[in-house]
Amino acid sequence: EIVVRQSGGAAWRTFTSPWQWLFLLGIALAAASWGEAAILGLAFAAGESAAAHWFGMKALQLPPRFLEMAAALTIAYLGVEILFLPRSRARWLIVAILGAFHGLGLTQFQIAADYALPTVLAGSVCAAALMLAALTTLARRLGQPRFLSWA
């Protein structure tokens with residue numbers, strides 16, 4: 001019951017976060033294939049998890065406004081990177097680093113709710129994977145925008 005409550009709470013936080021939706025939409029648009037979407041999703045989860053683990057151990061409290069600004073900047077940076085470097089081979093590294101900033105918000109949720117970090121990470125990563133799959137499917141169905149064409 002504890003695991004379901006904690007991982008469900010983290011999943012709900014992820015599902016209701018506009019920052020997560022926008023960042024994962026950027027990943028879905030940047031991915032040239034399903035394989036690349038999976039690699040970018042894993043890089044995001046790794047960066048988010050590493051930051052959540054590192055800052056969770058330190059019990060670092062950050063202001064919510066800072067976290068919102070950091071999340072907004074990650075979305076803006078990813079957008080600029082996609083536009084100016086559409087064929088970047090190191091995008092997975094950028095996504096991992098930007099995911100670390102999203103991990104800061106996850107840490108604040110975990111500390112405020114007094115939940116265990118492994119269950120919070122499990123819920124958040126599962127929710128993000130579902131969201132990325134849905135957004136990638138949508139991007140594939142609608143077709144890539146012309147400025148993101150890899151052909």
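Select Arg-65 and Glu-68 to begin: their side chains form a salt bridge at 3.5 Å, N to O, a salt bridge being a side-chain nitrogen of Lys or Arg within 4 Å of a carboxyl oxygen of Asp or Glu. The model is a predicted one, in which local features need pLDDT of at least 70 and side-chain atom pairs count only at pLDDT 80 or more, while totals for chains, interfaces and linings use all residues. Residues are numbered from 1 along each chain as its sequence is written, and side-chain values use heavy atoms, with hydrogens and water left out.

Arg-65 and Glu-68 stand three residues apart in helix H4 (residues 64-84), and are therefore separated by about one helical turn. Helices (H or I, at least four residues) and strands (E, at least two) are DSSP runs numbered from the N terminus. Arg-65 is exposed, at 63% relative accessible area, whereas Glu-68 is partly exposed at 33%. Here buried means under 20% relative accessible area, exposed over 50%, and partly exposed in between (1.4 Å probe, protein chains only).

Next, select Glu-81 and Arg-91, whose side chains meet in a salt bridge of 2.8 Å, N to O. Glu-81 belongs to helix H4 and Arg-91 to helix H5, so the pair ties together parts that are 10 residues apart in sequence. Both residues are buried: Glu-81 has a relative accessible area of 5%, and Arg-91 has 1%.

A search of the whole structure finds three salt bridges. To view another of them, move to Arg-5 and Glu-1, whose side chains meet at 3.5 Å, N to O. Arg-5 is partly exposed at 40% relative accessible area, and Glu-1 is exposed at 71%.

Now display helix H5 (residues 91-113) by itself. Its 23 residues should span 33 Å at 1.5 Å a residue, and its end C-alpha atoms are 33 Å apart, which agrees; the expected span is 1.5 Å times one less than the number of residues. Centre the view on Phe-101, where H5 has a kink of about 25 degrees, the bend being the angle between axes fitted to the seven residues ending there and the seven starting there. Just after H5, Asp-114 adopts a positive phi of about 60 degrees.

Finally, return to the whole chain. It comprises six helices and zero strands. Its C-alpha atoms fill a box of roughly 50 × 30 × 20 Å, taken along the principal axes. Of the 151 residues, 40% count as buried. Among contacts with a separation of 6 or more, 83% involve residues 24 or more positions apart.

Key: Contact = heavy atoms within 4.5 Å.
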